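Reader: Hi! Could we go through this one together?
Author: Happy to, here it comes.

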Amino acid sequence: MSSTERTPKPKEMQDQRALPVLPVRDTVLFPHAVLPLTVGRESSVQLINSLGEDKTIVVVAQREARVDAPQPSDLYTVGTSAVVHKVVKMPNQSLFVFAEGLERVRLGEFTQLQPFMRARVLPIPEPPPPGASSEMEALQRNVLTLFQQIVAGSPTLSDELSTVAMNIDEAGRLVDFIASSLPSLSTPDKQDTLETTDVRVRLEKINQHLAKELEVQQLRNKIQSEVQDRVQQTQREYYLREQMKAIQKELGEQDEGQRDVEDLKKKIEEAGMPDEVKKEALKELGRLSRMSPMAADYSLTRNYIEWLAVLPWAKTSGQEIEIPKAKEILDTDHYDLEKVKNRILDYLSVRRLKPNMKGPILCFVGPPGVGKTSLGKSIARALGRKFVRLSLGGVHDEAEIRGHRRTYIGALPGQIIQGIRRAETKDPVFMLDEIDKVGRDFRGDPASALLEALDPEQNSTFRDNYLDVTFDLSKVLFITTANMLDPIAEPLRDRMEIIELQGYTEEEKVHIAFQYLIPRQIDENGIMPEQIEFPEEGVRYVIRHYTREAGVRNLERNIGTICRKQARRLAEGKNEKLVVTKEIIQEFLGGIKIRSEGEIEERTERPGVAVGLAWTPAGGDVLFVEANAMKGKGGFTMTGQIGQVMQESMQAALTWVRSNALRLGIADDFFASHDLHIHVPAGAIPKDGPSAGVTMATTLVSLLSGKRIRPLTAMTGEITLSGNVLPVGGIKEKVLAAKRAGVRDVILPAENKMNVEEDLTPEQLENLNIHYVKTIEEAMKISLPEVINTAAAQIIPTPAPGESKENYPNPPVPQPVHARA
């Protein structure tokens, strides 16, 4: 029970004695116990020195041991009166005091605080012994037995404590003795025992403490015993091994460690290592032979030697290169991709004439689903080599490429050396997938670690951190893949030969579907070719209304869904052949996902809406640009999650329109009294780049002239403040996106004409009218002919840079015409 300070009655005040109070830390003095105390505080030393013939004091525990100058509120209210028997002065001016507890007392009024505390105390009489009962006797015996077991099992408690406890008959004194003798009992628990006057309650509390202490002691002894047993077992095994070695030596046999050394030496001799590597391997093998198999470095050294021994230092594929066979394999596995196939066949031809040539570093760049990774597998098959693929997406640690040093626990070579080991030849086709998604952080820059491996002039002496010897990678055909070139570091990009894989047209997708995708999905879903039929109209319907991608990944996914639906029908007993019609497609794939027909016409019905062309990592796409005007003070708002470059293009377009306002038929005061807002849906998709400049300017002119842009017309191109149209990138993807969206007229910069002629086939340009322009005025003659034909808004073209001005007459003075906003 906890102590509470009470107000003594007048009679009690007269009976109380004023005694010096000695505060103690982390200990409690019990009645009839002798406690040695070290007294070091100045106030406590003065208290002991002030004692005369009456050596009686009160020993009280502090609530907080950290308090150096305790006040009455820092002390417990119940302590023990004690008599000081002996005082010994120590060299450091402190005192060593022996105090014997007399009885429990309760602190009353403090009559003195300096130089030491003095307080009136009220004795707490010991309650009379309870009547003899079997329950009390059993509880007292159980407490005594538990205490004897703890003393017997503890190396720090003297056996004499058990003898003393057995000779104590009074239950209260027994509890006090045990509580003062247990070092594991905390000060608050001891104080609680001191304040508890009911003997039965005291017995129950100390019984709980003893039971818990005995359980902890038994668990500690069990753990110690297990540890000792393991140590003894280790020593026993050591002695047995030493005896075994001696017996094997007498019999002329080799031990396990010696057999490992012999096996590794044989592997080293057969590995075909260069002299420098072989010298290092034999040096480590010598260290291993002198080690005990029980040594900590034994397994580390053995693993290192094994890595050196298993690498294909001299092993190659050794197959003869057959150009016609390689061409046949490439044509069988992939449709089109002629540029890539020709580059591979060129490499094979040179390799056939010069077998010791260094391998090129090819980088396939293109949108997802165009076959970059599968093309690498086909190249390996055409070359007759092993194929190894390493995905670099999300790799942040340089050690993933170059390995960890052997000083680290669990160190291994980098992924390049591990891939060479898996290939078991020194000239595999090694594909580094998603090289544009390599990250960098505090652990290093993996892209920088790739510089040595992907440099034909350096990779013949590639040094992995784990192996710490050179390995020749010059025979490896490295192929990297990426969706975008921009994230790739310039030094790394400079070491690779870039080969772009463009998106597929609808015709190409139809060919790929019938030649590769449909047969593969029919086979993978366990149905027979005669149980399902894909008409060409059905495949085109899926392409137009359920996919919008440069590759064929989603197309194959949808074909697989249709095949699985047919497999389920067959499993349910419906054995009739399935013809994939539009109705079946909508039933199996759901409603139309992409509305290609009529979308552009619907969205461009009003003035101020133009269709631009954009390049994305997934191929090309159409981009709608919308503008609106309202009464205001000349503000200009741009929305649609657009980047800094695109915002600058909008500002350039607005500047050009304002500078040519009179020629466009726009009143001088229009911009001062109206606010303009340009929005590029969809607002959740980030957009950037300068190629929408022509589209922005056309949108503003359409809005301010009140004329709708020519239907089914899309455009792209960067503009300058003088109205010139500059070339842009991604022409093939943009033109194919326009065709997929149903566009008829495409406006391109004149300098991009060469890209159209080189990258696009007549089939891809079918039903498309390509218009090449040098200035924004020429673009508006095509997209906004009504504005151009209006006399008041006639636009007079300006010469391009470097072009003669003879063909450009002086413009007439325009007459202002108010535009409809």
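**Accessibility, salt bridges and helix packing**

Author: Let's begin with Thr-637, which is partly exposed because its relative accessible area is 37%. Buried means under 20% relative accessible area, exposed over 50%, and partly exposed in between (1.4 Å probe, protein chains only). This is a predicted model, where local features need pLDDT of at least 70, side-chain atom pairs count only at pLDDT 80 or more, and totals for chains, interfaces and linings use all residues. Residues are numbered from 1 along each chain as its sequence is written, and side-chain values use heavy atoms, with hydrogens and water left out.

Reader: Thanks! Where does Thr-637 lie?
Author: Thr-637 is in strand 18 (residues 636-639). Helices (H or I, at least four residues) and strands (E, at least two) are DSSP runs, numbered from the N terminus. The C-alpha atoms of Thr-637 and His-677 are 4.6 Å apart, though 40 residues separate them along the chain.

Reader: Switching topic, how many salt bridges does the structure hold?
Author: There are 27 salt bridges, each being a side-chain nitrogen of Lys or Arg within 4 Å of a carboxyl oxygen of Asp or Glu.

Reader: What does Asp-192 form a salt bridge with?
Author: Its partner is Lys-205, with the closest N and O atoms 2.9 Å apart. Asp-192 sits in helix 6 (residues 187-195) and Lys-205 in helix 7, so this pair ties together parts that are 13 residues apart in sequence. Asp-192 is partly exposed at 23% relative accessibility, and Lys-205 is partly exposed with a relative accessible area of 23%.

Reader: And which side chain meets Glu-507 in a salt bridge?
Author: That of Arg-540, at 2.9 Å from N to O. Glu-507 belongs to helix 18 (residues 506-524) and Arg-540 to helix 19, so the pair ties together parts that are 33 residues apart in sequence.

Reader: Is Arg-540 buried or exposed?
Author: Arg-540 counts as buried, at 13% relative accessibility, while Glu-507 is partly exposed at 36%.

Reader: Nice. At what angle do helix 19 and helix 20 pack?
Author: Helix 19 (residues 536-546) and helix 20 (residues 553-571) pack at about 125°, with their axes 10 Å apart. Axes are lines fitted to C-alpha atoms, for helices over the stretch in contact, and angles run from 0 to 180 degrees between N-to-C directions. The two helices are therefore oblique to each other; angles under 35 degrees count as roughly parallel, over 145 as roughly antiparallel, 65 to 115 as roughly perpendicular and the rest as oblique.
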